[in-house]
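Hi,

Here is the structure I promised to pass on. Have a look at it first, and then read on for my notes.

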Amino acid sequence: MHKAETLDPRCASIRNARSDDLAAVRTLLERAGLPTAGVEAWLPHFLVAEHAGDVVAVAGLELYESSALLRSVAVRPDWQGSGLGRQLVDRLLTKAQEGGTRDVYLLTTTADHYFPRLGFACIGREDVPACVQGSVEFTRACPASAVAMRKSLVDAGGPAG
């Protein structure tokens, strides 16, 4: 994305995260009860939604070989239901697919009901590639009880399909 894109109706814009967003991203994740471990290292692969100078939503990817880990999807409570979370995820999935990623994985303790709407399906943690299982998210940040999910980007008919 070369310039921020405006979303209706509340005039939030989605853009690539910058280093000066790190504190706001961490705060948003902490308030959502999501892990912040590893965020700084992967921040260049994060998107944020911004309104009036405030980060109101975030989502990120960690890239591993032909796989990716979707993480840190959080929307400020007063923006939940606005579609921002889905837009961030859709844009990240499109970028991943364009970059040659074949499968995207995630771990969740609270949103296993949400991600099937975006084409993710529950899988066993043992079915996640070793390269993704080696991530901070898998090894330290998320509990063993977190649900693993996968979405194939091959012949998926687009990011949300």
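How many nonpolar, polar and charged residues does the lining of the largest pocket have? By class, there are 19 nonpolar, 11 polar and 5 charged residues. Please keep in mind that this is a predicted model.

Several elements supply at least two lining residues each: helices H1 (22-31), H3 (84-98) and H5 (136-141), along with strands S5 (67-75) and S6. Of these, S5 gives the largest share of the lining, with 6 residues.

Now for the chain as a whole. It holds 5 helices and 8 strands, and from the N terminus on the order is β-β-α-α-β-β-β-α-β-β-α-α-β. The chain has 161 residues, of which 44% are buried. If we take the contacts between residues at least 6 apart in sequence, 66% of them join residues at least 24 apart.

Strand pairing around S8 is worth a look in your viewer. Strand S8 (residues 147-152) pairs with strand S6 (residues 103-108) in the antiparallel sense, over 6 bridges. Within that pairing, Thr 108 has Val 147 of S8 as its bridge partner. Strand S7 (residues 121-123) also runs antiparallel to S8, and 3 bridges join the two. There, Ile 123 stands opposite Ala 148 in S8.

One residue I followed up individually is Asp 54, which is found in strand S4 (residues 54-64). Is Asp 54 buried, partly exposed or exposed? Its relative accessibility is 40%, so Asp 54 counts as partly exposed. Leaving aside residues up to four places away in sequence, Asp 54 touches Ala 49 and Arg 76. Asp 21 is 33 residues from Asp 54 along the chain, and their C-alpha atoms are separated by 9.4 Å.

Finally, a word on confidence. The mean pLDDT of the chain is 89, and 89% of its residues reach 70 or more. Residues 1-8 have a pLDDT below 50, although this stretch has 18 contacts in the model beyond near neighbours in sequence. Where pLDDT is low, the predicted coordinates should not be read in detail.

Best wishes

How values were computed
Residues are numbered from 1 along each chain as its sequence is written. This is a predicted model: local features need pLDDT of at least 70, side-chain atom pairs count only at pLDDT 80 or more; totals for chains, interfaces and linings use all residues. Side-chain values use heavy atoms; hydrogens and water are left out. Two strands pair if DSSP finds at least two bridges between them. Helices (H or I, at least four residues) and strands (E, at least two) are DSSP runs, numbered from the N terminus. Ala, Val, Leu, Ile, Met, Phe, Trp, Tyr, Cys and Pro count as nonpolar, Asp, Glu, Lys and Arg as charged, and the others, Gly among them, as polar. Buried means under 20% relative accessible area, exposed over 50%, partly exposed in between (1.4 Å probe, protein chains only). Contact means heavy atoms within 4.5 Å. pLDDT is the predictor's confidence in each residue, from 0 to 100.
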